[in-house]
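Trainee: I would like to go through the terms used for this model and see what each one rests on.
Mentor: Then have the sequence and structure open while we talk.

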Amino acid sequence: MAEHKTNHIYSVSHLTREIKTLLEDRFPFVWVTGEISNYAAPASGHSYFSLKDAGAVISCVMFKNQKRALKFSLENGLKIMGLARLTLYEPRGNYQLIFEHIAPEGAGALQKAFEQLKKKLDDEGLFDAVHKQPLPFLPQKISVITSGTGAAVRDIIHIALRRFPGCCLQIFPVSVQGDQAGNEVVYAINTVNLQKKADVIILARGGGSLEDLAAFNSEPVARAVFASRIPVITGIGHETDVTIADFVADVRAPTPSAAAELVLPEKARLVRHITDMHLSLSTAMTQKLGFFHQKVDDLHSRLKSPAQVMANFKQNLETCCFRMLHSLNRRLFHGRDKLSWISQALLGAAPGVCIQKRQVADLHKNMAFAMKSRLEGHTNQISQAAASLAALNPTSVLERGYSIARTVPDQKVILDAKTVAIQDPVEIILSKGRILTRVEKKTHGKNDI
Amino acid sequence: MTFETALKQLEAIVKEMESGDLTLEQALKKYETGIEKVRYCMQILDSTEKKITQLTRDLDGSVTEVPFDHE
């Protein structure tokens with residue numbers, strides 16, 4: 001102590017600069033481990049925090065550029081190990097660690113291995129969607145590969161029996177942590193595949209640290225899951241735990257219980273669904289039958305027998321006949337009516353014809369009458385003449401005793417005695433017969449008889 | 001036939017039946033098939049083995065299945 005130059009007086013800045021140089025020279029890069037506290041991340045993007053352990057605390061900063069490389073986020077309570085430069089912030093006079101790299105303490109190697117394996121298998125295509133097999137809709141037998149004693153198996157059995165009472169579970173107990181865990185899981189997956197009894201595998205484990213989950217992040221398990229012909233669903237750890245096995249599995253469930261729920265449908269719902277459909281079927285069928293029944297009835301009522309058809313025709317025919325006759329009659333009636341009306345009109349229009357006709361008729365009658373009276377007159381005359389004639393008939397004169405003397409052969413009636421000479425032959429016509437005689441004597445004058 | 005296939009067929013049949021475009025013969029046939037599917041599905045639902053078993057490996061390496069006591 002005595003060696004120090006007590007008479008030399010430093011300014012604050014000078015002293016601080018000296019200390020800074022001293023620190024930075026002495027600790028250019030250090031690996032340091034501790035727990036984060038007072039974490040703050042202002043808008044600048046840099047992170048400010050304190051790193052502490054049981055006995056001390058150091059201010060720390062990690063700049064934005066370095067933070068980009070981190071695969072996890074910094075938070076209070078996180079135990080870390082990192083590479084830092086020690087420096088002194090002059091305006092405040094405090095020293096601080098500027099971190100270049102930070103990894104979670106202890107997990108660094110495992111985390112690294114995890115990332116490496118994940119990248120390798122991803123590159124090989126083990127995570128590709130094309131390899132994912134669908135889970136059976138209703139598994140007949142479920143193989144559960146997990147610890148036989150943990151909470152996981154109890155949760156799975158509980159959920160399975162609740163969702164599907166009477167379901168068939170096959171428990172394949174394995175160690176889920178420790179050196180043998182990986183091998184046992186691989187053996188179990190292969191055995192279940194060989195047995196070919198189960199149609200889905202639940203690979204499950206309760207929550208744990210990254211070290212605890214090591215078996216599920218191992219390459220053999222990943223390859224066994226990938227090779228399984230039976231679909232594999234994983235339910236490993238808690239919601240936030242993701243393992244390599246989860247990436248390879250056909251389906252990843254966040255927890256063992258969730259895996260059981262995804263694997264098994266709810267039996268009650270299925271039964272209800274089927275019962276509903278059964279009912280729908282019957283209802284639809286009943287409606288259908290009712291519909292067709294009604295249709296047949298309807299058609300039946302509309303179906304006509306030939307006799308009925310004939311009867312209809314007959315009726316039609318009769319109706320037509322009637323209408324035809326009726327119309328004809330009406331026409332005739334009208335015709336007649338019209339004719340009579342026209343004749344009336346005609347008669348009315350030509351009175352001359354009528355009068356002349358009457359005159360003709362009268363004249364005709366007169367003529368007939370005149371003719372008749374004339375005929376009658378003449379007939380009378382003739383009768384009188386006939387009577388006269390009859391009276392004048394020579395025969396009747398002869399009958400009364402007179403006779404006619406005629407010359408012979410001249411046959412001239414001799415009215416005068418002078419016309420004959422004595423000895424002339426004379427023919428006398430009597431009432432009956434004739435006499436031929438000769439004139440003996442003659443006298444003249446009338447009174448000589 | 002799987003339960004799922006049968007269930008899907010049943011759903012399709014119900015849909016068809018309800019659409020009402022079927023002839024009576026078709027409807028009857030569908031109905032019969034539908035009822036068959038209902039029976040088939042219900043049978044599968046009720047016929048699962050109803051047991052929980054545990055696989056154990058014997059000393060000689062063979063695997064045996066024994067009832068699992070989960071109570």
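The talk below takes up the terms one by one.

Mentor: Keep in mind that this is a predicted model.

Trainee: What makes Gln411(A) exposed?
Mentor: Gln411(A) has 9 other C-beta atoms within 10 Å. The cut-off for exposed is 12 or fewer, so Gln411(A) is called exposed.

Trainee: Why is Gln423(A) called exposed?
Mentor: Its count is 9 other C-beta atoms within 10 Å. Exposed means 12 or fewer, therefore Gln423(A) is exposed.

Trainee: What is the phi of Gln411(A), and where is the residue found?
Mentor: Phi is positive, about 60°, although Gln411(A) is not a glycine. The residue is found in the loop between E11 and E12 of chain A. Gln423(A) has its place in the loop between E11 and E12 of chain A, and its phi is positive at about 70°, although it is not a glycine.

Trainee: How do you know that the peptide bond between Val408(A) and Pro409(A) is cis?
Mentor: Omega is about 5° for the bond that joins them, and the bond is cis. Pro409(A) lies in the loop between strand E11 (404-407) and strand E12 (425-429) of chain A.

Trainee: What makes E12(A) and E13(A) a pair?
Mentor: Five bridges join them, and they run antiparallel. Pairing requires at least two bridges, so E12(A) and E13(A) pair.

Trainee: Why are E11 and E13 of chain A called edge strands?
Mentor: The open sheet has three strands in the order E11-E12-E13 (chain A), with antiparallel pairing. E11 and strand E13 (434-438) of chain A each pair on one side only, and they are the edge strands. On average, neighbouring strands of this sheet are turned by 30° against each other, direction ignored.

Trainee: How do you know that a strand of chain A pairs with E1(B)?
Mentor: Three bridges join strand E7 (residues 169-173) of chain A to E1(B), and the two run parallel. At least two are needed, so they count as paired. Gln170(A) has Thr53(B) as its bridge partner in E1(B).

Trainee: How many residues of chain B are in contact with chain A?
Mentor: 30 residues of chain B are in contact with 26 residues of chain A. H2(B) gives the largest share of that side of chain B, ten residues. By class, this side has 17 nonpolar, six polar and seven charged residues.

Definitions and conventions: Residues are numbered from 1 along each chain as its sequence is written. Chains are lettered from A and ligands numbered from 1 in the order in which they are written. This is a predicted model: local features need pLDDT of at least 70, side-chain atom pairs count only at pLDDT 80 or more; totals for chains, interfaces and linings use all residues. Two residues are in contact if their C-beta atoms, placed from the backbone, lie within 7 Å. Helices (H or I, at least four residues) and strands (E, at least two) are DSSP runs, numbered from the N terminus. Ala, Val, Leu, Ile, Met, Phe, Trp, Tyr, Cys and Pro count as nonpolar, Asp, Glu, Lys and Arg as charged, and the others, Gly among them, as polar. A residue is buried if 20 or more other C-beta atoms lie within 10 Å of its own, exposed if 12 or fewer, and partly exposed in between; C-beta atoms are placed from the backbone. Axes are lines fitted to C-alpha atoms, for helices over the stretch in contact, and angles run from 0 to 180 degrees between N-to-C directions.
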